[in-house]
Amino acid sequence: MDIKKMVLQALEQTLKDHWTDTEFTVEKPKNPDFGDYAIPCFHWAKSFKRSPQDIAQQLTPAIHHPLFSKVTAVGPYINVFLDKTYVSKEIIHQIITLKEAFGSNSDGQGSNVTIDLSAPNIAKPFSMGHLRSTVIGNAIANLAEKNGYTPIRINHLGDWGTQFGKLIVAYLKWGSEERVKEQPISELLSLYIKFHDEAEKHPELVDEGRRYFKMLEDGDPQTRYLWNWFREESLQEFFRIYDLLGVSFDHIQGEAFYNDKMDEVVEILNRKGLLELSEGALVVKLDEYDFPPCLIQKSDGATIYATRDLATALFRKRNFDFARSLYVVGSEQSLHFKQVKLALRKADFKWEHEMVHIPFGMMLQDGKKMSTRKGRIVLLEEVLNEAIDLAHQIISEKNPTLENKDEVAKQIGIGAVIFQDLKNFRTNDVDFSFEQMLNFDGETGPYLQYTHARCHSLLRKAGSFIPETSYPITEQEAWIIISHLTRFDEVVKQAWEDYDPSKIARYALDLARHFNSYYAKVRILDSEDRDARLSLVYAVATVIEECLRVLGIKSPPSM
Ligand code: ARG
């Protein structure tokens, strides 16, 4: 139920005869004592030729609807109070019948949204930035679906570029097959680092690397074989991480996928007269937008990252006919995406405005970037496994007899990492802390999972209660929960429009907090209102579970 819409409709119905102006809005009063919604009367002053205060006074007595228990005029506002019986019955009924579809809408009418997410680089560790892209992108894809779109998750794997020439040289000189098989990514990374160290003493290595990359581009079988092998080994490691995170992709279309689609880009830009020579390279100038030129082809004929993204954009528009095309990539690439979009705009691809770069901040530990540079290698898989181990310790203490502890520990540990990432607006940096993310009483994933499990434990104690009818819940203590539940539709829309999963995270935290204080005050199982209260418990559990699902987090029924 979109309560705001219901309020608007009810007002429209009841005010039909007095209506001269269709432009009208409702607001949430800052002070809830003033009512659940307020209708500002300022903008009617002209057409009514009266002061907004007078208008509020005049219209108030005309408003009658079962949705409202009280209507008052306060200054230039009409304040309405919702009828608790009516609203609680309605909302609980919706949750019982819609279950996980509660809060969904069909705004997208099934149209496609491509989401570029994760995109780690092969032969390099899966970085914290890629973790953020994976987690944020996945949640945004779920939000797209909840808003009626068809999300298409695409992993734009970094599997092409001059670095592979260097890597192949390094492998042929110093590598060993066994070591790559054993620990592909750390071995390939150290080969890559060794290459750079050696190249400082022997600069001719750089040329050799370039030559090997050229061979790779020209399809030389041995270099192709090695590249493919590195790619496969890396993918296996990445997929272990995706499995842990519970994220999957509709397409793995990495940079190499566009190799045979690059000429067309250069040709189109050329035909439209947009290519200019600059220091031997071909560029699209963006002076009129006050941006540095977009580099299309290097002086040695090699195409680059931007050209690949142009080919990618064309391919995605043709193949998926997207309504929107999202790129969940760190904020350090903002300039790149602006240049790509501007180059497309200059080439007159009108759909360019449907492409959105969704930036995010860094993952920090002790105020420093958690990165792979300069030996500060943080291997993501180890981090995730540590979160799972810590979760295991905590639940073994809290609930020693719990069955399937391993599975639950995984859900809690991973949930903790994901929630820590998503609970604040994405452009903020994330402070990575095991202690904080696993605090069962903090603003954490485990806190939400725990609240959800507590609800289920109540329902189990009541004999696996599943409400069939909805009961009016009028008690004051429950009202804050009910009124929070009525906002879910709105939050789902807003979170999608802003590409902001933290809105769902915050919503779920508030819901859990309201529920836990209700639970501390009110008896449930041995009360006369048992079934009504249990139906509220069921509703809360259902909505927390749905919020967590959208964020990409599991909700174990006991923990
Ligand atoms: N592999 C790139 C990196 O690690 C991210 C790719 C993002 N997607 C894109 N279409 N450019 O920086």
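The conversation below goes from the chain as a whole to single residues.

User: What kind of model is this, and how many helices and strands does the protein chain have?

Analyst: This is a predicted model, and its protein chain has 21 helices and 14 strands. Along the principal axes the C-alpha trace spans about 85 × 65 × 40 Å, and of the 559 residues in the chain, 41% are buried.

User: Into which domains is the protein chain divided?

Analyst: The division gives domain 1 (3-82), domain 2 (112-258 + 309-363) and domain 3 (380-551). Taken over C-alpha atoms, the centres of domain 1 and domain 3 are separated by 35 Å.

User: What makes a set of residues a nonpolar core, and which residues have the most contacts inside the largest one?

Analyst: A set is called a nonpolar core because its members are buried residues of kinds such as Ala, Val, Leu and Ile, joined through C-beta atoms within 7 Å. The largest such core has 135 residues, and those with the most contacts inside it are Ile140, Ala508, Val540, Val543, Ile544 and Leu551. Helix H21 (residues 530-551) gives the most to this core, with 14 residues. Apart from it lies another core, of 16 residues, among them Tyr258, Val265, Val340 and Leu344. As a general background, nonpolar side chains tend to be buried together in soluble globular proteins.

User: Which residues is Leu551 in contact with, leaving aside its neighbours within four places in sequence?

Analyst: Leu551 is in contact with Ala139, Ile418, Phe419, Leu422, Pro501, Ile504 and Ala505. Each of these pairs counts as a contact because the two C-beta atoms lie within 7 Å.

User: How do you know what span to expect for helix H13, and what covers its buried residues?

Analyst: The expected span is 1.5 Å times one less than the number of residues. Helix H13 (residues 334-346) has 13 residues and reaches 18 Å from its first C-alpha to its last, which is close to the 18 Å expected. Within H13, the residues Gln339, Val340, Lys341, Ala343 and Leu344 are buried, and what covers the buried residues of the helix includes strand E8 (281-286), strand E9 (291-297), helix H12 (305-320) and strand E11 (355-358). After H13 comes Asp348, whose phi is positive, near 70°.

User: Which residues of helix H6 are buried, and what do they pack against?

Analyst: Helix H6 (residues 163-174) has 12 residues and reaches 16 Å, close to the 16 Å expected for it. Its buried residues are Phe164, Gly165, Lys166, Leu167, Ile168, Val169, Ala170 and Tyr171, and they pack against helix H8 (184-201), helix H9 (204-217) and helix H10 (221-245).

User: Why are Asn404 and Asp366 called exposed?

Analyst: Asn404 has 11 other C-beta atoms within 10 Å, and is therefore exposed; its place is in the loop between helix H14 (380-398) and helix H15 (405-422). Asp366 has 8 C-beta neighbours inside 10 Å, so Asp366 counts as exposed, and its place is in the loop between strand E12 (363-365) and strand E13 (368-369).

Definitions and conventions: Residues numbered from 1 in each chain as written. Predicted model: local features only at pLDDT ≥ 70, side-chain atom pairs only at ≥ 80, totals over all residues. Buried ≥ 20, exposed ≤ 12 C-beta atoms within 10 Å, placed from the backbone. Helix = DSSP H or I, 4+ residues; strand = E, 2+ residues; numbered from the N terminus. Domains from an automatic or database assignment.
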